Amino acid sequence: MSKVKSSETVKVVVRCRPLNRKEAAGVTGTPGGRGGIVEMDVHRGQVVLRNPRALPGEPQKTFTFDSVYDASSRQRDLYDETVRPLIHSVLDGFNGTIFAYGQTGTGKTYTMQGAWLEPERRGVIPNAFEHVFTQISRSPADRQYLVRASYLEIYREEIRDLLDPNVHTPHVPNVHTQSPHTLELRESPESGVYVRDLTSCVCKSVKEIEELMNLGNQVRSVGATDMNEHSSRSHTLFLITVECSQTGPDGRQHIRVGRLNLVDLAGSERQAKTGVRGERLKEAAKINLSLSALGNVISALADGRSGHVPYRDSKLTRLLQDSLGGNAKTVMVATLGPAPQHYEETLTTLRYANRAKNIKNQPRVNEDPKDALLREFQKEIARLRAQLSHREGRGKHRKEEGEEGWDREGDEEGEEEVEKERKLQKERLEEENKAIREDGSLLAVEKQRLLGEKEIMMGDLRKERDTTEQLTAKYKAMESKLLVGGRNIMDHTSEQQKTLETRRQEIAEQEVEAKTKKLKKLYAKLQCVKAEIQDVNDEHVRSRQELEQTQNQLTRELKFKYLIIENFIPPEEKNKILNRLTLDPEEDQWKFQLLTPSESQMKKRLASAVGYKRPISQYARVALAMGAHSRYRAENILFLELDMSPPTTVSLDHWPSEVRPNCSPSPTDNAPYRERATRVRKSRSWCQAPRAITSSSSTVSLATHSTATPSTAQ
Ligand code: ADP
Ligand code: MG
């Protein structure tokens, strides 16, 4: 009966919903504007809980789980990462359980069901429906499936069948004539704990199973509390059983049965918090019984030492017996609210979830169980098929003994032939009737007897036709309930879904390809830019080094010049130079001012000095005009004109022979001559009267020289 046997722990994930409007208004002062006491590290699977009333220095509480989903997480993320593998296992014949645990209003129902009409917000249950039927339609054609669903709730420790046909008034939707039946739990060594007489509906498509869920939801016990207006006060279980038959290596048909429990628990909060009284408090006490029993079971299993696990303390724990420590793969989704006022409840949920991580299960494939409905179906179908073949054989006398393989096309052909045969028989009987009536040779009594016989034969024929029709209808109905892998899923939406998914995958692949190409291009560009940046950096380093060298050189030169200035230039000279320095803003250079004043800076000649080189008083002018004392002469103090005195001639004969011109005299001998010849008056004070000049020796010498020169030339 069992195959793969190994142990694995319960997978625990934690999800925190966003702050709602009411809570956000209360925690506006929280840093970051996000508020809340729950922080999640999605990559590490860690939850950090901040105590709003913590004393300074008190450490925060940290928990680690298989996965954590923060306020921004999407329904699809949780499904794909956490639930999808579990659904695959169920289709392979394992038992699977997903249960949502947490305080009221933290998102248990949102996680399990979500908003059905919004694809992005559909929860685990609708996504699982689609997943199951899509997988079946994609499985190999040699597999036959039978999918069944049941829906129940545990309300005040009573089990109610939410699909009870007596509750749902046919043809009048949303009208429920009576409350659902209370059912009992039973246990058998074959199938473990089960609910007796629980309605189980065979579903052929997503649409059918969704309709079932809607029907069940309409009769759920929903009450309002202070915490959540639509809070469910009951634990609900939606059960899907998937049976799959497949030819094994031994050539025989084997059946695997996977059971999936989708559990949405009632709020886990302490009842004082919900503000309930009276009848509702009693209800709360009973709801708590199940939850506290669940807690005890989890503790006992997590502890691992205590031999006794109190499954029998509540209906919920009995139903989940296999899922907690038994033959099932289990996922627990613990839901949290981020509001500071729920700190204690949030901490309790986290501790609860933390304990559940230690529960070990022993999941195994359920192969060939005795109670597999699929086997019953297959037997019944075979029986009906045999009956129909027998009738066909009888009708046509053509059926060969031991003929096998009777496919649907064969069925239809056979039916047509049987129908034809019946018609022929009927026609034959009618003709015989007619012949008997028209036959005049027969006695009236004989005629009546023969007609009666024929009438009975016609009645039998009609009866047989009706029975065959009924059998065929039954056969067809039974057969249609079996889903064949790869085909037979008439659900159009599912087909569309499949195409859509394939298309989506294609688009995703194309997108990946395009993005990879783009990425490669951008990467190449990035490398180029990086190389360029490196080049520019190198260039910068080089030029900086050069500039530093130049700066060092210049500094050295400057120091050298300072040294010279300080040690070799008198400070006043330095100051003079400094004073002469001006900065030319246009050329941005220091320049020396000119030493000579420019023309514009030159002083103008005074008006009193017109005609004279320098100012001269009126008295001096008059005195000058009168030719008076030479002190009043302002100009020409230096006489440059030739001396007009007569030349002084000296006879050569009187010269001693040794000094005559044609003889070469010794320089010493010539000295007196030279002395006289070069005696040129260079200047004469303006105070010397011109008339007194005539007798000057220099004039003479000049005259002598001038007269002597032409003669010597001659
Ligand atoms: P519970 O079933 O735990 O009592 P519900 O599922 O009814 O809580 O959630 C209470 C409210 O919080 C609902 O209005 C629901 O839409 C909202 N909610 C819960 N979880 C989320 C989430 N992850 N993202 C957005 N809204 C959420
Ligand atoms: Mg709920």
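This is a predicted model: local features need pLDDT of at least 70, side-chain atom pairs count only at pLDDT 80 or more; totals for chains, interfaces and linings use all residues.
**Ligand 1**

I started at Gly 107, where a backbone N or O atom sits 3.1 Å from an oxygen atom of ligand 1. That falls inside my cut-off for a polar contact: a pair of N or O atoms within 3.5 Å, where within protein one must be able to donate a hydrogen and the other to accept it, and residues adjacent in sequence count only if both atoms are side-chain atoms. Ligand 1 has the protein covering 71% of the 550 Å² that ligand 1 exposes when taken alone. Those accessible areas come from the Shrake-Rupley method with a 1.4 Å probe, and for residues only the protein chains shown count as cover.

Residues are numbered from 1 along each chain as its sequence is written, chains are lettered from A and ligands numbered from 1 in the order in which they are written, and side-chain values use heavy atoms, with hydrogens and water left out.

Back to the oxygens of ligand 1. A backbone N or O atom of Gly 105 comes to 2.7 Å from one, and I found 2.7 Å for a backbone N or O atom of Tyr 110 too.

**Thr 335**

I followed Thr 335 next, in strand 16 (residues 329–336). Its side chain makes a polar contact of 2.7 Å with the side chain of Thr 106. Thr 335 is buried, at 1% relative accessible area (buried is under 20%, exposed over 50%, partly exposed in between, with a 1.4 Å probe and protein chains only).

**Aromatic rings**

I counted five aromatic pairs. Rings of Phe, Tyr and Trp (its six-membered ring) pair if their centres lie within 6.5 Å; planes under 30 degrees apart are stacked, over 60 edge-to-face, the rest tilted.

Tyr 101 and Tyr 352 are stacked, 4.1 Å centre to centre with 10° between the planes. Tyr 101 belongs to strand 7 (residues 96–102) and Tyr 352 to helix 9 (residues 343–356), so this pair ties together parts 251 residues apart in sequence. Both Tyr 101 and Tyr 352 are buried.

Trp 116 and Phe 129 are tilted, at 6.2 Å and 50°. Are these two buried or exposed? Trp 116 is buried at 17%, and Phe 129 is buried at 0%. Ring pairs also join Trp 116, Phe 129, Tyr 151 and Phe 238 into a cluster.

I then looked for charges over rings (NZ of Lys or CZ of Arg within 6 Å of the ring centre and within 35 degrees of the ring normal). Lys 329 lies over the face of Phe 94, 4.7 Å from the ring centre. Lys 357 has its charged end over the ring of Phe 65, 5.3 Å from the centre.

**Positive phi**

Most residues other than glycine have a negative phi. Asp 197 has a positive one of about 60°; this residue is in the loop between strand 12 (192–195) and strand 13 (201–203) and is exposed at 59%.

Definitions and conventions
Helices (H or I, at least four residues) and strands (E, at least two) are DSSP runs, numbered from the N terminus.
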